[in-house]
Amino acid sequence: HLASVLVGEAPARTTTVGAAFLAHALAREFSERVRDLVTAESLSRARAAGARLAAMGATSGADTLSGMLAAVHALGVCGA
């Protein structure tokens with residue numbers, strides 16, 4: 001139910017692209033670079049995947065990585 005509420009509210013609260021990304025994320029569909037980061041099997045692979053993500057676009061990759069880090073901290077995941 002929460003996912004449908006978020007998708008329904010997103011168009012009025014973010015850009016069209018932001019709403020589309022949210023809908024994909026709620027459907028567990030992520031970019032290859034995001035997927036590579038969250039499924040990395042070692043710290044070195046995670047660092048390499050994070051660097052590839054951060055380098056994507058002008059700032060979109062770094063912005064995505066920053067948002068993921070903020071979420072990890074907010075959720076207290078991995079001792080962050």
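Mentor: Start with the whole chain. This is a predicted model. The chain has five helices and zero strands. Read along the sequence, the pattern is α-α-α-α-α. The C-alpha trace spans about 40 × 30 × 20 Å along its principal axes. The chain has 80 residues, and 10% of them count as buried.

Now the largest pocket. The space in the largest pocket comes to about 520 Å³. Its lining is made of 17 residues, and those closest to its centre are A25, F30, V34, T64 and M68. Which helices supply this lining? At least two residues each come from α2 (16-26), α3 (32-38) and α5 (60-75). Helix α5 gives the most to the lining of the largest pocket, with six residues. Look at the classes next. Twelve residues of the lining of the largest pocket are nonpolar, four are polar and one is charged.

Move to the second largest pocket. About 240 Å³ of space lies there. The second largest pocket has twelve lining residues, and L37, L65, M68, L69 and V72 lie nearest its centre. Helices α3, α4 (43-54) and α5 each give two or more residues to this lining. Helix α5 again has the largest share here, with four residues. The classes run to ten nonpolar, one polar and one charged residues.

Helix α5 gives the most to the lining of the largest pocket, and α5 has the largest share of the lining of the second largest pocket. Helix α3 supplies at least two residues to the largest pocket, and α3 gives two or more to the second largest pocket. Keep α5 in view as you turn the model.

Stay with α5 for a moment. A74 lies in this helix. Is A74 buried or exposed? A74 is exposed, because its relative accessible area is 69%, and the cut-off for exposed is over 50%. Now take A74 together with A19. They are 55 residues apart in sequence, and their C-alpha atoms are 22 Å apart in space.

A51 lies in α4. A51 has 46% relative accessibility, so A51 counts as partly exposed. Pair A51 with A62. Eleven residues separate A51 and A62 in sequence, and the C-alpha to C-alpha distance is 8.8 Å.

Next, the surface. A nonpolar patch of about 380 Å² is made by L2, V5, L6, V7 and L26. Which helix gives the largest share of the nonpolar patch? Helix α1 (residues 2-13) does, with four residues. V7 is found in helix α1. V7 is partly exposed, because its relative accessible area is 37%.

The side chains of E9 and R13 meet in a salt bridge, with 3.2 Å from N to O. E9 and R13 are four residues apart in helix α1, so about one helical turn separates them. R13 is exposed, with a relative accessible area of 69%.

The count comes to two salt bridges. One of them is the E9 and R13 pair. Another joins the side chains of D36 and R35, at 3.5 Å from N to O. D36 has 23% relative accessibility, so D36 counts as partly exposed. R35 is partly exposed too, with a relative accessible area of 42%.

Finish on the nonpolar patch of L2, V5, L6, V7 and L26.

Terms used
Residues are numbered from 1 along each chain as its sequence is written. This is a predicted model: local features need pLDDT of at least 70, side-chain atom pairs count only at pLDDT 80 or more; totals for chains, interfaces and linings use all residues. Side-chain values use heavy atoms; hydrogens and water are left out. Patches are made of residues with over 30% relative accessible area and no salt bridge: like charges are joined within 9 Å, nonpolar side chains (Val, Leu, Ile, Met, Phe, Trp, Tyr) within 5 Å. Accessible areas come from the Shrake-Rupley method with a 1.4 Å probe; for residues, only the protein chains shown count as cover. A salt bridge is a side-chain nitrogen of Lys or Arg within 4 Å of a carboxyl oxygen of Asp or Glu. Buried means under 20% relative accessible area, exposed over 50%, partly exposed in between (1.4 Å probe, protein chains only). On a 1 Å grid over the protein atoms alone, a cavity is a set of points where a 1.4 Å probe fits but cannot get out, and a pocket is an open set with protein on both sides within 12 Å along at least five of seven lines; lining residues have an atom within 4 Å of a point. Grid points are joined across faces, edges and corners, and a volume is the space filled by probe spheres set on the points. Ala, Val, Leu, Ile, Met, Phe, Trp, Tyr, Cys and Pro count as nonpolar, Asp, Glu, Lys and Arg as charged, and the others, Gly among them, as polar.
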